[in-house]
Amino acid sequence: MLASGRRCLLTALLQAQRWPFQPSRDMRLVQFQAPHLTGPHLGLESENGGGVINLNAFDPMLPKTMVEFLEQGEAALSVAGRALAAQLPVLPRSEVTFLAPVTRPDKVVCVGMNYVDHCKEQNVPVPKEPIIFSKFASSIVGPYDEVVLPPESQEVDWEVELAVVIGKKGKHIKATDAMAHVAGFTVAHDVSARDWQMRRNGKQWLLGKTFDTFCPLGPALVTKDSVADPHNLKICCRVNGEVVQSSNTNQMVFKTEELIAWISQFVTLYPGDIILTGTPPGVGVFRKPPVFLKMCVCAHACRTKGLTASRPTLLQKGDEVQCEIEELGVIINKVV
């Protein structure tokens with residue numbers, strides 16, 4: 001009995017020590033709109049795939065954008081924590097429109113060839129330093145928005161990625177301090193026009209990566225203390241229901257801490273900044289033969305000619321891409 005009592009006491013002490021880092025419920029921050037609300041609002045997803053708690057209704061003093069919320073730091077997160085514990089009314093998922101969890105960040109930083117298995121797929125050596133490029137913030141769309149194929153490209157490809165969201169400003173951040181600057185994680189789809197990435201624009205990657213709608217994000221910003229291990233998550237992409245990418249974030253060459261330390265040598269990181277950490281193997285361009293995303297050809301022809309499709313049921317169905325990461329959720333984007 002005495003030994004059993006000591007074990008119970010030890011367990012209780014360990015749980016008390018973990019409490020600040022292990023909330024009883026996951027915190028899943030979202031930006032959303034609803035017909036009865038004016039403009040975007042901040043909310044909490046009640047669970048992965050659940051309804052939405054309106055944070056701005058709980059505390060009208062909270063900002064209505066994620067960047068401003070993150071700029072307020074622990075004070076804002078504390079309010080969100082109280083809302084999560086308060087068992088507030090939940091708006092049904094069917095009654096809200098999910099926006100990207102972060103919109104208009106200062107920057108979107110991307111990492112190339114950051115999965116060991118993706119390097120093997122290309123038969124290239126694993127990088128010794130992170131390969132950094134960027135997307136413009138104007139490419140960001142919501143988790144269920146459409147991806148628009150630009151007429152300038154015939155080779156648009158998919159890439160599922162783990163996205164890191166910065167929560168605290170920093171420059172020259174040490175790897176050992178990096179997680180203190182992270183707000184959380186979300187799912188990203190790094191849509192890529194391979195012709196512009198690999199052959200046009202002097203082979204600079206930017207234009208091929210940053211067409212409008214080329215960065216779906218969501219569905220939620222899952223706070224870092226709600227993710228058991230961001231570097232051991234299943235990650236996959238499905239096109240029209242078929243699994244085309246399937247890996248684990250443990251295949252990342254450079255983990256979150258190393259990436260933040262590297263990137264912050266060159267630029268100041270601000271709350272809301274997004275880091276796309278690379279994609280696993282299975283992208284279309286390296287398939288034999290290569291495979292690229294399709295849209296509704298008949299609908300596009302009608303649109304470009306200024307016509308209306310009189311029989312939409314006969315239109316060719318465009319591709320649907322699902323990007324999913326364990327613990328974070330799934331984003332679904334139709335190609336138009």
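Biologist: Why does Phe133 count as buried?

Modeller: Phe133 has 12% relative accessibility, and buried means under 20% relative accessible area (exposed is over 50%, partly exposed in between; 1.4 Å probe, protein chains only), so Phe133 counts as buried. One caution on the source: this is a predicted model, where local features need pLDDT of at least 70 and side-chain atom pairs count only at pLDDT 80 or more, while totals for chains, interfaces and linings use all residues. Residues are numbered from 1 along each chain as its sequence is written, and side-chain values use heavy atoms, with hydrogens and water left out.

Biologist: How many aromatic pairs does a search of the whole structure find?

Modeller: The search finds 4. One of them joins Phe133 to Trp205.

Biologist: Is Trp205 buried, partly exposed or exposed?

Modeller: Trp205 is partly exposed, at 26% relative accessibility.

Biologist: What can you say about Trp262 and Phe266?

Modeller: Trp262 and Phe266 also form an edge-to-face pair, at 5.6 Å centre to centre and 65° between the planes. Trp262, at 23%, is partly exposed, whereas Phe266, at 56%, counts as exposed.

Biologist: How do you know that Arg200 lies over the face of Trp196?

Modeller: A charge sits over a ring if NZ of Lys or CZ of Arg is within 6 Å of the ring centre and within 35 degrees of the ring normal. Arg200 is 3.9 Å from the ring centre of Trp196 and lies over its face.

Biologist: Which residues have the most contacts inside the largest nonpolar core?

Modeller: They are Cys237, Ile260, Ile275, Val321, Ile325 and Leu328, in a core of 44 residues. Such a core is a set of buried Ala, Val, Leu, Ile, Met, Phe, Trp, Tyr and Cys residues joined through side-chain atoms within 4.5 Å. Strand S9 (160-166) supplies the largest share, 4 residues.

Terms used: Phe/Tyr/Trp six-rings, centres within 6.5 Å; stacked < 30°, edge-to-face > 60°. Helix = DSSP H or I, 4+ residues; strand = E, 2+ residues; numbered from the N terminus.
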